[in-house]
Amino acid sequence: MLHRSCQFVGLAMSVILSACGVAVPSTVAPSAPTAVKATAVPAAPAATTLNVFAAASLTDAFNEVGKAFEAANPGAKIAFNYAGSQQLAQQIGQGAPADVFASANAAQMEAAIKTGRVVSGTAQTFARNRLVVITPKTGPNPITQLKDLAKPALKVVLADKAVPVGGYALDFLRKASATPDFGAAYSQTVLANVVSYEQDVKAVLSKVALGEADAGIVYATDVLGDSASKVNRIDIPDALNTVAVYPIAALNDSKNAALAQKFVAFVLSPQGQNILAKYGFQT
Amino acid sequence: MLPGILLVGLMAFPLAVVLWRGATDDFASAISQPAALAALRLSLLTSAISLGVTVTLGTPLAYGLAHWRFRGHGLVETLVDLPVVLPPAVAGLALLMAFGRRGALGPILGAVGVSLPFTTAAVVLAQIFVAAPFYIRAARISFAAIDPHYEEAAIVEGASAWQVFTWVMIPIAGRGLLSGMILMWARAMGEFGATILFAGNLEGVSQTMPLAIYLGFERDSSSALALAVVLILLSGGLMFALRKIEAGWQNDAAAQK
């Protein structure tokens, strides 16, 4: 019981945070020791804080990458701002103080390039991700295969089409509809079951994990570790899957340009790539 | 003087920019997009229902709180005020945990075939939860401010409790109730956090103006901007009406003395 309620509180927190959607630099846990050090030794130079804007799907992986980077670069402190990539691109466009942008698709990186704050051609692919269908662990489960998504009176949640994973989910439905196996009506029937287009991938995960929705489409990386115990996953075959490509770039107006470049290099380094692989990203 | 100007500027300037940008963009075509119209219609409909429910249930509650002292009186007042300061995300989560399919009341609701999350009814519930305190508070204060002599006089004349309530208290408290209604309505129309958590986001069902603005801004900013203009003008109009009512109230009070 205690274990369950703890899980629920964790889930609740992620629901709250994803619902806020606003920029909440997650400086709380990982950065605390650095901050303490900085105040304990007033003579030491102040820690340089790097603002990394990263897609919500990168949350767990980047938290660890950030810790490893801070360990390797004393005095450097990473403040992450996790949200839907489209929202981050929007914030960058409005002049938010970002040093690094890691997007969950090329389109939102393009949007950032259009704002002039990312130089075209500097973005590098650092990770790939796949889609999976998830269903709740608790309660009756009418969905055991992809075709079941078209069953009548289901509650399906997707990310909004402005969110990369929402766009990829529509791609999957389109591709499936083009195959005789699923039939032309598949996409339309599934979309008729959609009860909500959520603001980011973590919100989709929360709604399914809470059992409020019967199914959702998220990244394979969202169903690892902690979340794996809360949802069942149904794999989408390669032919129908869209491989999400994650580009990263340092912003050209970063006040800590050298450190920003260093972070990007770290993400692309074997150490960074190993961490990403550990969280299910294809590198 | 200067600090005051700064503060007013901080509040007025961003709104003015939105109005100006919205006005220079092609407002008419942006607001007539189907998604924008659906959001506008849904916001007006849900906030009107929320207002109706709140007034129906909240007026007797406010009257009771103003007139009777009972065990747990302070607790009820605090509870009813709480949503004003609660983050809307907490409100949404609480609603989901209480009325969600897997929530505390989920099985009971499910047994009678009711599933609230992802429905328009969920939007209304979220709005009532978050905005009703504004009405109840205003109503309670205006009921409490009524001179007890009016009530006593009515009772002496043989009025029943119900007659006192409907023919004496409601008319005297009228302005206060009206200003509470306006505040409640404006707050309900602006509700975002609890709605997106509890009701989700689907055009025509749960995508109210604030949700359409939030998600639309990332996709098609002209519609979002147009909706923001509408919301600012509507809320501004309501606040202006509130001022007029309260000013009239003070004049009346001065005239009585």
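A residue is buried if 20 or more other C-beta atoms lie within 10 Å of its own, exposed if 12 or fewer, and partly exposed in between, with C-beta atoms placed from the backbone. Helices (H or I, at least four residues) and strands (E, at least two) are DSSP runs, numbered from the N terminus.

This is a predicted model: local features need pLDDT of at least 70, side-chain atom pairs count only at pLDDT 80 or more, and totals for chains, interfaces and linings use all residues. Residues are numbered from 1 along each chain as its sequence is written, and chains are lettered from A and ligands numbered from 1 in the order in which they are written.

**Exercise 1. Find the buried and exposed residues of α10(A) (residues 270-278), and say how the buried ones are arranged.**

Step 1. Pick out the buried residues: A:Gly272, A:Ile275 and A:Leu276.

Step 2. Look down the axis of α10(A). The buried residues fall within an arc of 100°, so they line one face of the helix. The arc is that of the directions from the helix axis to the C-beta atoms.

Step 3. Recall the helix geometry. An α-helix has 3.6 residues a turn, so residues three or four places apart point the same way.

Step 4. Turn to the face away from the buried side. A:Pro270 and A:Asn274 are exposed there.

Step 5. Ask what covers the buried residues of α10(A). The cover includes α3 (59-72), β4 (124-129) and α9 (257-268) of chain A. Contact here means that the C-beta atoms of two residues, placed from the backbone, lie within 7 Å.

Step 6. Continue just past the helix. A:Gly280 takes a positive phi of about 95°.

**Exercise 2. Describe the surroundings and partners of β5(A) (residues 131-136).**

Step 1. Count burial. Six of the six residues of β5(A) are buried, so the strand is largely enclosed by the rest of the structure.

Step 2. Find the partners. Strands pair if DSSP finds at least two bridges between them. β5(A) pairs with β8(A) (residues 215-219) in the antiparallel sense over four bridges. Five bridges join β5(A) to β9(A) (residues 231-235), again antiparallel.

Step 3. A:Val132 has A:Val218 of β8(A) as its bridge partner. A:Val133 stands opposite A:Ile234 in β9(A).

**Exercise 3. Work out the strand order of the five-stranded open sheet in chain A, and place the helices that pack on it.**

Step 1. Read the order: β2-β1-β3-β10-β4, with mixed pairing.

Step 2. Note the twist, which averages 20° from one strand to the next. Axes are lines fitted to C-alpha atoms, for helices over the stretch in contact, and angles run from 0 to 180 degrees between N-to-C directions.

Step 3. Check one pairing. β1(A) (residues 48-55) and β3(A) (residues 100-102) run parallel and are joined by three bridges. A:Ala54 stands opposite A:Ala102 in β3(A).

**Exercise 4. Locate B:Ala199 and decide: buried or exposed?**

Step 1. B:Ala199 lies in the loop between α10 (193-198) and α11 (209-216) of chain B.

Step 2. Count neighbours. B:Ala199 has 32 other C-beta atoms within 10 Å, so it is buried.

Step 3. List contacts, leaving aside neighbours within four places in sequence. Among them are B:Pro117, B:Phe118, B:Ala122 and B:Ser206.

Step 4. Compare sequence and space. B:Ala199 and B:Leu125 are 74 residues apart in sequence and 9.1 Å apart in space, C-alpha to C-alpha.
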